Amino acid sequence: MSLYFPIKTFYVAVFVLFAFNAFSQSSSEKDSVSSNISYENNRQRFGFFSMGYHNPNTTGDNFMGDGLQGKSGFDFKFQMYVYKQFFLGLYTGASYFDVKDVELVGNYKKSTLNESYLYIGYEFLPADRMRLGALASFYGDSRFKNYYSKTSNVYQVDKGNLNTFGVYFNYELSSHFMIYIDYAYRTTKTEINTSTELNQFFEKGKYHSLGIGLIFALGSKDVLSTFID
């Protein structure tokens, strides 16, 4: 099943929730001007947008680990805090690979992997300005564009399902601006049609990802508090 409809629905829901959160926050600020709540003791956020660069590294005895070599990648995320530090997020990005063994994967020179998935997780606040999060995704899409060796604009497409486990570390430069470093381990279960002998080799691809980037935080209430307070 494609993630197109869930992602579209997610974006609409986020827009509605953010608009409601902004109105609620504005009303709350008018009612509590004299409280002077500081940034240090009010680190709750509605959510954030991020953009980053990552380095993919293939691993394992499979078509990615033995046949591809990671080059670079970029990604975008939106994460919203449903209650306190429990969060729900959306990831979309692309990873770029060179083919290192054409005898294993076919007559291709490079491959682009487009990734998208929904994820859930929890964030810890171990110290001032620091955020440490863990996440998992069991519902994602992967799409390989495999470019043939003798041409630059002809490619073949393979699709699959993507699972992800990851952690991240955020450092707050200000109340609504952060930098981050993250790590993820991803497994894509492909729909590649092969002979029985090669099925296990092409059935799953595995790779690690180490990234850095920028975060723009939004709001000062989680989603449930926006409606309850």
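Let me start with one residue. Not counting residues up to four places away in sequence, Asp158 touches Ser142, Arg143, Phe144, Asn146 and Ile192; a contact here means heavy atoms within 4.5 Å.

Before going on, a word on the model. This is a predicted model, in which local features need pLDDT of at least 70 and side-chain atom pairs count only at pLDDT 80 or more, while totals for chains, interfaces and linings use all residues. Residues are numbered from 1 along each chain as its sequence is written, and side-chain values use heavy atoms, with hydrogens and water left out.

Back to Asp158. Which strand holds Asp158? Strand S6, residues 155–174. Strands (E, at least two residues) and helices (H or I, at least four) are DSSP runs, numbered from the N terminus.

Asp158 is buried yet has no salt bridge. Buried means under 20% relative accessible area, exposed means over 50%, and partly exposed is in between, with a 1.4 Å probe and protein chains only. A salt bridge is a side-chain nitrogen of Lys or Arg within 4 Å of a carboxyl oxygen of Asp or Glu. For Asp158, the nearest side chain of opposite charge is Lys159, 10.0 Å away. In this count Lys and Arg are positive, Asp and Glu are negative, and His and the chain ends are not counted.

What does the side chain of Asp158 make a polar contact with? The side chain of Gln156, at 2.8 Å. A polar contact is a pair of N or O atoms within 3.5 Å; within protein, one must be able to donate a hydrogen and the other to accept it, and residues adjacent in sequence count only if both atoms are side-chain atoms.

Next, the neighbours of S6. Strand S5 (residues 130–148) pairs with S6 in the antiparallel sense over 15 bridges, where two strands pair if DSSP finds at least two bridges between them. Ser142 has Gly160 as its bridge partner in S6. The hairpin that joins S5 to S6 runs through six residues. S6 also pairs with S7 in the antiparallel sense, over 14 bridges, and there Glu172 stands opposite Met178 in S7. The hairpin from S6 to S7 goes through two residues. As a general point, side chains in a regular strand alternate between the two faces of the sheet.

Now the salt bridges. How many does a search of the whole structure find? Six. In one of them Lys77 is bridged to Asp75, with the closest N and O atoms 3.5 Å apart. Lys77 has a relative accessible area of 12%, so Lys77 counts as buried. Asp75 is buried too, because its relative accessibility is 3%.

Lys77 also forms a salt bridge with Asp182, again with the closest N and O atoms 3.5 Å apart. This pair links distant parts of the chain: Asp182 lies in strand S7 (residues 177–190) and Lys77 in strand S2 (residues 68–83), 105 residues apart. Both Asp182 and Lys77 are buried.

Glu123 and Arg131 make another salt bridge, with 2.6 Å between the closest N and O atoms. Glu123 is buried, and so is Arg131. These two belong to a network of salt bridges that links Arg43, Glu123, Arg131 and Glu172.

One more residue, Lys109, is in strand S4 (residues 108–127). Is Lys109 buried or partly exposed? Lys109 is partly exposed, because its relative accessibility is 32%. Setting aside neighbours within four places in sequence, Lys109 is in contact with several residues, among them Asp98, Tyr147 and Ser152.

Elsewhere, S1 (residues 47–59) is joined to S2 by eight bridges, and the two run antiparallel. Phe48 stands opposite Gln79 in S2. S1 and strand S8 (residues 204–218) also run antiparallel, joined by 13 bridges, and the bridge partner of Tyr53 in S8 is Ile212.

Last, the whole protein. There are five helices and eight strands, in the order α-β-α-β-β-α-β-β-β-β-α-β-α along the sequence. Of the 229 residues, 43% count as buried. Among contacts with a separation of 6 or more, 68% are between residues 24 or more positions apart.
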